[in-house]
Amino acid sequence: MNLRDLFGLEGRVALVTGGSRGIGKMIVEGLLEAGCERVYIVARKKEQVEETANELGEKVIGLVGDLSQMDGIQQLADEIAEREDKLDLLVNNAGAAWGEPFEEFSEAGWHRTVDLNLKTPFFLTQKLYPLLKAAASVERPAKVLMIASIDGMKTNPWETYPYQASKAGLIHLTRRMAARLVQDNIIVNGIGPGAFPSAMNRAARDNAEMVRRGVPSRRVGVTEDMAAGAIYLLSRAGDYVVGTTIPIDGGVVNANIGAGNFVDPSGE
């Protein structure tokens, strides 16, 4: 037994949705460092996908697609099947957030958020199931990683109703899918990110000094934090963890004092 065997991903083929920026890109960087042979990334914006693929090197293959609709999900699954005869790792990271006052909240915002955050991970995993099953064995299971949120584990003060509900639903969906797919040596787990700088979490990106005061660890997350959590669950190290969503949040969910946010008593 050694650390390389436990945490290495040599020879693996991975797909990361929403992998061109933010948390998805952090995970892609971790997969490359852990030794993945190829990492496919998919996002809606061609320029962003191409920029990230070029930046991260020849092992990253950029694909363009809209996964909010079933035809886009099927198109991506078909394209991966044309290129690969198996898929070792699937990271369901693509997501959306939408906020409006309660009395004005739109059906369009509700559908967009719930579809991409909850429906898409289920159906993309379903469409890629044959490739995941082809890669899976008792000795080396295939892995599916759901990117949920700490907002699915606790409430927040913002009026992002379908975002919080869909992420809570994704955490339970992770448990249910794990119970089924472990029968095929496909292990499903999840991560609940806290404050990481991204386009979806502009507060952590643009106001890190303010945000860190509400985090018991007194800082926002960085690439190494997210990459390490993903590598743990996707590698041999996480093979005996099934159906679990791990908060990677500096203690916001489990270490806050009482019902309020942690505030540095020094005011720093």
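Tutor: A pocket is an open set of grid points with protein on both sides, and its lining residues have an atom within 4 Å of a point. Keep in mind that this model is predicted.

Student: Which helix gives the most to the lining of the second largest pocket?

Tutor: Helix 7 does, with 4 residues. The elements that give two or more residues to that lining are helix 5 (107–127) and helix 7 (161–181). The lining includes Phe122, Tyr129, Arg176 and Leu181. By class, it has 4 nonpolar, 2 polar and 2 charged residues. The pocket's volume is about 180 Å³.

Student: What should I look for in a core?

Tutor: In soluble globular proteins, nonpolar side chains tend to be buried together. Here, the largest nonpolar core has 32 residues. Leu15 is among the residues that touch the most other members. The largest share of this core, 6 residues, comes from helix 7.

Student: Which residues is Leu15 in contact with, leaving aside its neighbours within four places in sequence?

Tutor: Among them are Tyr40, Val42, Leu76, Ile80 and Leu128. There is also a second, separate core of 31 residues, which includes Val16 and Ile191.

Student: What is the relative accessible area of Arg218?

Tutor: It is 40%, so Arg218 counts as partly exposed. Asn185 is partly exposed too, at 26%.

Key. Residues are numbered from 1 along each chain as its sequence is written. This is a predicted model: local features need pLDDT of at least 70, side-chain atom pairs count only at pLDDT 80 or more; totals for chains, interfaces and linings use all residues. Side-chain values use heavy atoms; hydrogens and water are left out. On a 1 Å grid over the protein atoms alone, a cavity is a set of points where a 1.4 Å probe fits but cannot get out, and a pocket is an open set with protein on both sides within 12 Å along at least five of seven lines; lining residues have an atom within 4 Å of a point. Grid points are joined across faces, edges and corners, and a volume is the space filled by probe spheres set on the points. Ala, Val, Leu, Ile, Met, Phe, Trp, Tyr, Cys and Pro count as nonpolar, Asp, Glu, Lys and Arg as charged, and the others, Gly among them, as polar. A nonpolar core is a set of buried Ala, Val, Leu, Ile, Met, Phe, Trp, Tyr and Cys residues joined through side-chain atoms within 4.5 Å. Buried means under 20% relative accessible area, exposed over 50%, partly exposed in between (1.4 Å probe, protein chains only). Contact means heavy atoms within 4.5 Å.
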